[in-house]
Amino acid sequence: YLKISKLALAFAIIHSKPPGKSCKEYTEHLAKTVSEQDFGWKWKVEVLETEVLRLRQELLLNKICQRFCLENDASAKTLLDQECTNPMSYSSQLEDSGCDVSNDYAFDSLGITSDFHQSEHVDTSKHWLERVPPLNLCCSSKEESLTAPVQFLQHLLEIRKLSEGGILQADFTELENDSFTVCHSVSQLLDGLTVFYNSPKFPVSNFLTEAVCVLISLITDTKLSNHVLKKCFKKLEEFKKNLIQIILRNSDVNRFQALHAVSHTLVLLGKNNILRNSVISLLLSEVRQFAEQLLQAHQIQAMYDITQYENIFLLCMILEQLLQNKTEESNDSSSDYDEEEKIKFLKNFDQIILHLSDEFPLFSLYLWRVNVLLNSAQIQ
């Protein structure tokens with residue numbers, strides 16, 4: 001049947017081709033026309049899927065947020081006013097040069113981004129007393145594509161906070177019935193951040209940092225995190241791995257602004273108690289593998305990847321800061337990282353340092369500092 005269909009199509013093309021065109025040219029023209037139609041249909045499908053997600057988000061919010069408790073209007077108004085916080089001031093207006101960064105991305109003496117003070121802020125206004133505001137899905141840029149998931153997750157977090165304050169009666173069991181909407185929104189947020197970090201535009205918008213903060217707040221929240229971690233665990237792991245690979249593989253001449261932005265996001269993720277384990281394990285694995293590859297190349301006098309060598313220091317600095325935080329919070333058992341990765345890192349450490357210290361003293365110093373932090377954590 002397939003052969004007969006192909007033969008019939010071939011005869012139809014031959015008989016219908018216009019004069020002055022070969023069969024090949026006419027076939028290519030027809031194929032291009034069909035592919036353009038397919039692209040148009042795909043675009044329409046994407047628009048419709050986005051609209052369906054928006055409606056599901058609004059429906060879920062309205063199911064969860066059933067009514068406000070207005071018996072005590074004064075206390076309700078006070079709490080709402082307290083919740084109306086301004087967006088965090090992240091002045092990430094980076095210069096065009098790849099050398100200068102602003103104070104918000106300033107690195108300390110170890111080259112690490114300054115400590116991030118988390119706050120679960122989300123915009124709240126008195127129109128919450130009337131209805132859940134509509135979600136905006138008009139997306140014309142990479143940044144705007146993050147607006148819808150960020151806005152939805154912000155609303156979800158705000159309902160959570162208002163319900164804790166006694167103003168709102170919220171039914172979070174609805175999340176069990178429609179976990180798809182939350183998980184798809186988180187996946188959309190992670191995909192949007194990955195696209196941006198692969199080809200960032202400067203100056204970096206504060207909204208991107210806010211998007212990461214919303215993600216961390218969602219994971220930290222006791223009632224909401226389970227729904228995210230159960231369904232989106234693989235997606236989160238993939239996102240962290242992508243950030244690390246973006247740092248390692250970026251070979252642009254003016255790449256340091258982009259790498260600082262990605263590093264800042266990794267630090268924010270790594271400072272979260274729930275995500276810290278996996279971030280440290282991934283960083284230990286990458287640094288160890290590169291050290292072993294560098295040792296092997298050095299022993300046989302082979303070429304090594306100079307770009308990765310330059311970029312690996314950012315991973316070392318992030319790893320060092322997260323290990324320092326882990327040591328300071330040693331009473332927190334949830335911050336224990338993968339024991340297997342630590343053993344692998346320490347296994348050939350002396351041999352690597354011995355052979356690389358003369359040729360690569362700076363890298364060896366960073367390895368030694370990581371080793372000290374690992375051992376100090378073990379002693380504690």
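Modeller: Let us start with Ile312, which is buried, with a relative accessible area of 0%; buried means under 20% relative accessible area, exposed over 50%, and partly exposed in between, with a 1.4 Å probe and protein chains only. This is a predicted model, in which local features need pLDDT of at least 70 and side-chain atom pairs count only at pLDDT 80 or more, while totals for chains, interfaces and linings use all residues. Residues are numbered from 1 along each chain as its sequence is written, and side-chain values use heavy atoms, with hydrogens and water left out.

Biologist: In which helix does Ile312 lie?

Modeller: Helices are DSSP runs of H or I with at least four residues, strands are runs of E with at least two, and both are numbered from the N terminus. The protein chain has 14 helices and two strands. Among these helices, the one that holds Ile312 is H11.

Biologist: Which residues does Ile312 touch, not counting residues up to four places away in sequence?

Modeller: Contact means heavy atoms within 4.5 Å. The C-alpha atoms of Ile312 and Val287 are separated by 7.0 Å, although the two residues are 25 residues apart along the chain. With residues up to four places away in sequence left out, Ile312 touches Leu248, Glu286, Val287, Phe290 and Phe363.

Biologist: With which residues is Leu193 in contact, leaving aside its neighbours within four places in sequence?

Modeller: Leu193 is one of the core residues that touch the most other members. Once its neighbours within four places in sequence are set aside, the contacts of Leu193 are Leu146, Leu208, Ala211, Val212 and Phe239.

Biologist: Is Ala291 buried or exposed?

Modeller: Ala291 lies in helix H10. Beyond its neighbours within four places in sequence, Ala291 is in contact with Ile352, Leu356, Phe363 and Leu367. Its relative accessibility is 3%, so Ala291 counts as buried.

Biologist: By how much of a helical turn are Glu292 and Arg288 separated?

Modeller: Glu292 also forms a salt bridge with Arg288, the closest N and O atoms being 3.4 Å apart. Arg288 counts as buried at 12% relative accessibility, whereas Glu292 counts as partly exposed at 31%. Because the two are four residues apart in helix H10, their separation is about one helical turn.

Biologist: How many salt bridges does a search of the whole structure find?

Modeller: One of them joins Lys344 to Glu340, with the closest N and O atoms 3.5 Å apart. Elsewhere, Glu51, Arg54 and Glu58 are linked in a network of salt bridges. The search of the whole structure gives 11.

Biologist: What is the relative accessible area of Trp368?

Modeller: Trp368 belongs to helix H14 (residues 361-379). Together with Leu362, Leu365 and Val372, Trp368 makes a nonpolar surface patch of about 360 Å². Patches are made of residues with over 30% relative accessible area and no salt bridge, like charges being joined within 9 Å and nonpolar side chains (Val, Leu, Ile, Met, Phe, Trp, Tyr) within 5 Å. Trp368 is partly exposed, and its relative accessible area is 47%.

Biologist: Where is Gln301 found?

Modeller: Gln301 has a phi near 55°, a positive value in a residue other than glycine. Gln301 is exposed, with a relative accessible area of 67%. Its place is the loop between helix H10 (273-299) and helix H11 (306-328).

Definitions and conventions. A nonpolar core is a set of buried Ala, Val, Leu, Ile, Met, Phe, Trp, Tyr and Cys residues joined through side-chain atoms within 4.5 Å. Accessible areas come from the Shrake-Rupley method with a 1.4 Å probe; for residues, only the protein chains shown count as cover. A salt bridge is a side-chain nitrogen of Lys or Arg within 4 Å of a carboxyl oxygen of Asp or Glu.
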